[in-house]
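Here is a short report for a first look at the structure below. Keep the sequence and the 3D view side by side while reading.

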Amino acid sequence: MSSLQISFIKSSSELKECPDSRMAECALIGRSNVGKSTLINALARNKNLAKTSSKPGKTQLINHFIVRQEWHLVDLPGYGYAKRSKTEIGKISQRIDQYLFRRKQLACTYVLIDLRHSLQSIDLAFINKLGEHQIPLKIVFTKADKIPKNKKQAQVNSILEELGEYWQTLPEHFVTSSEKGIGMEALLADMDSICTEINANYFGSSHPGK
Ligand SMILES: Nc1nc2c(ncn2[C@@H]2O[C@H](COP(=O)(O)OP(=O)(O)OP(=O)(O)O)[C@@H](O)[C@H]2O)c(=O)[nH]1
Ligand SMILES: [Mg+2]
C-alpha cells in the first residue's frame, strides 16, 4: 500500500466546533481500547498521527483528519470505559451521540469490534441504536492478528450470527489487523468510494448554495 496523504485537522469537544466543511466524512467508533486510533495510524502508515494507548479511555474528543484533501476521517472517543466518573461518562456519551446523530457530513460509521471476544451487549446496544437512527454503518473487526488463522473465519461467523438475531440484513464487514496491516486496502477503498460519491452528489458543484 502506498503511503496515504492524511493529516490531522483538529480536536473538537462538541459538534459546533467540528470543521465547517463541505466534505463527506467517515467515523470510527467502538469500545475504548478496540483500536480506533491505531487503525488511523495503520491506514496512514504513521504511528504518531493519532494518539493511542494500551489503556482504555485515551481519545476523549472528536478528532478530524483529512484524507487527500478530499474527505475527513474521524476518530471518536470510545464507549464502555467504566473507570470514569458518571459525569464524565455522560459527557462523552453525549458528545458521541451529538456527533453521530447530527453531523450532516457523516457518510458512514465504522463500528470496530474486537475479534477476540463474542459480541458484547454494549456493542450490540450501540449498533442497534445506530440502526434505529438510520445511521449508515459497517463493522470492522480488529486485532485479527491475535486469533489463530484457522479460527478466524469461525469467530467472524459467530459474531455475525449473534448480530443476525437482531438484523435482517447484516451490515457489511471488514476483518483487520493494524498490527499486521491486514484489511487496510479494502477498508480504505470502501471509505474512499463512499466519500467520493457523497462529495459528488451532495457537496458537488450542483449542490444548492455552492
Ligand atoms: N495486537 C493488536 N493490537 C492492537 C491492534 N489495534 C490496536 N491494538 C492495541 O490496542 C490498544 C488500544 O488501541 P487504541 O487505538 O488506543 O484504542 P482506541 O479504540 O482508540 O481506544 P480509546 O481512545 O480509549 O477509545 C493499543 O495497545 C494498541 O496497540 C491490532 O490490530 N492488533
Ligand atoms: Mg483512541
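## Aromatic pairs

Phe 203 has a relative accessible area of 8%, under the 20% cut-off, so this residue is buried. The model is a predicted one. Tyr 202 is partly exposed, at 38% relative accessibility.

The structure contains four aromatic pairs. One of them joins Phe 8 and Phe 65: the ring centres are 5.5 Å apart and the planes stand at 65 degrees, so the pair is edge-to-face. Phe 8 belongs to strand β1 (residues 6-12) and Phe 65 to strand β3, so the pair links parts of the chain 57 residues apart. Phe 8 is partly exposed at 41%, whereas Phe 65 is buried at 2%. Tyr 202 and Phe 203 also pair edge-to-face, with ring centres 4.7 Å apart and planes at 80 degrees.

Ser 37 is buried, at 7% relative accessibility. Thr 59 is buried too, at 13%.

## Around Asn 199

Asn 199 is part of helix α5 (residues 184-201). Its relative accessibility is 16%, and Asn 199 counts as buried. Beyond its sequence neighbours up to four places away, Asn 199 touches Arg 22, Met 23, Ala 24, Glu 70, Trp 71 and Gly 204.

The Asn 199 side chain reaches the backbone nitrogen of Ala 24 at 2.8 Å.

Terms used. Residues are numbered from 1 along each chain as its sequence is written. Chains are lettered from A and ligands numbered from 1 in the order in which they are written. This is a predicted model: local features need pLDDT of at least 70, side-chain atom pairs count only at pLDDT 80 or more; totals for chains, interfaces and linings use all residues. Side-chain values use heavy atoms; hydrogens and water are left out. Helices (H or I, at least four residues) and strands (E, at least two) are DSSP runs, numbered from the N terminus. Buried means under 20% relative accessible area, exposed over 50%, partly exposed in between (1.4 Å probe, protein chains only). Contact means heavy atoms within 4.5 Å. A polar contact is a pair of N or O atoms within 3.5 Å; within protein, one must be able to donate a hydrogen and the other to accept it, and residues adjacent in sequence count only if both atoms are side-chain atoms. Rings of Phe, Tyr and Trp (its six-membered ring) pair if their centres lie within 6.5 Å; planes under 30 degrees apart count as stacked, over 60 as edge-to-face and the rest as tilted.
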